[in-house]
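I opened this notebook to record what I looked up in the model. The entries follow the order in which I consulted the coordinates.

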Amino acid sequence: MTTSIALLDDYAGVASSFADWSALGDVVAFHDTVADPEALVARLEPFEVLCVMRERTPLPGDVLRALPNLRLIVASGLRNQSIDLRAAQELGICVCGTEMRGTTTAEFFMATMLGLGRRIVPEAGNIASGGWQTGMGRDLQGLTLGLIGLGKVGQKVAALARPFGMGICAWSENLTPDRAAAHGATFCASLDEIMSRSDVASVHLLLSDRTRGLIGREAFAAMKPGAAFINTSRGPIVDSAALLDGLREGRPHSAAVDVYEVEPLPSDDPLRDPALIAEGRLLLTPHIGYVSEQTFRLFYTQMAEAVAAWKAGAPIRVLE
């Protein structure tokens, strides 16, 4: 029988063209995210294979148990906290992943930091509406970049920021002075210390019970005047209400956010503050830190390869 394959959350409409699915079965690409569990089950019930893009569509145990035809889930990347792996194992559903490109989010962070600091979006809006320049940007040379997390992405960010003349400091609960020094960063002993030292503070942590809600009112209150805050990691690490209050009180002075507690970000979410956005003090982007042509070609090509390998009984990258 023909294998039925669903490609989920293909926002850009590229999944069908970025890989060769022709010999794998009946393929359907969905371009939106369904949040309601009942509606999601109704959509996915016919499919044997789900190809999921990062964590756009959660697949908890209750959903998996309602999908009797499901045999394989292929995720982009080798980590996905939105899939109940234990339930999948109990149900006999194989879950596998793809490789990740290591530079995409770090490059996006640099673009975001430059765009926020030099007010590119509001100034482009000024000229598009017939106006001219209205504000003042800020150079990176001589500023201190505080990395909250110095893992793979944080290390790449440090390497990219250093040639711009930025000083680097870093903190996380597991970071040691020696490890910070090995990557050219000054060690900070606490979250408050790194927030108080940074001209730009940026989050590069994994989401866990320990990091959920980690950055809140006390952390923002510790920031120096004029400092910026950027989150391209995971939305729930930051208390968004505290961030909004902090922006209105001037600490941080500006912020860029690419990740959210609920995605897609609801149209009435308080973060969509028109005044802060118009002032150029808040830059919101729709979780595109990992979204690039090269990355998505890798994802979809390896997803198709994984489906082919699974059908042939060959080894695949199983998530655990």
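Helices here are DSSP runs of H or I with at least four residues, strands are E runs of at least two, and both are numbered from the N terminus. The model is predicted: local features need pLDDT of at least 70, side-chain atom pairs count only at pLDDT 80 or more, and totals for chains, interfaces and linings use all residues. Residues are numbered from 1 along each chain as its sequence is written, and side-chain values use heavy atoms, with hydrogens and water left out.

I then noted the buried residues of α5 (residues 120-128), namely P122, E123 and N126. They lie on the same side of α5 because they cover an arc of only 95° around the axis, the arc being that of the directions from the helix axis to the C-beta atoms. An α-helix has 3.6 residues a turn, so residues three or four places apart point the same way. I found that the buried residues of α5 pack against α11 (274-278), where contact means heavy atoms within 4.5 Å. Just after α5, G130 has a positive phi of about 95°.

Entry 2, the seven-stranded sheet. I read the strand order of this open, parallel sheet as β8-β7-β6-β9-β10-β11-β12; two strands pair if DSSP finds at least two bridges between them. The edges are β8 (186-187) and β12 (282-284), each with a single partner strand, so one side of each is left without a neighbour in the sheet. Helix α10 (residues 240-249) packs on this sheet and touches β10 (228-231), β11 (254-257) and β12, its direction making about 150° with that of β11. Axes are lines fitted to C-alpha atoms, for helices over the stretch in contact, and angles run from 0 to 180 degrees between N-to-C directions.

I located S254 in strand β11. S254 is buried, at 9% relative accessible area. Leaving aside residues up to four places away in sequence, S254 touches L116, A227, A228, F229, L247 and R281.

I recorded a second open sheet with parallel pairing, in the order β2-β1-β3-β4-β5. Its twist averages 15° from one strand to the next. Strand β1 (residues 4-7) and β2 are joined by four bridges in the parallel sense, and I5 has V27 as its bridge partner in β2.

Note on methods
Buried means under 20% relative accessible area, exposed over 50%, partly exposed in between (1.4 Å probe, protein chains only).
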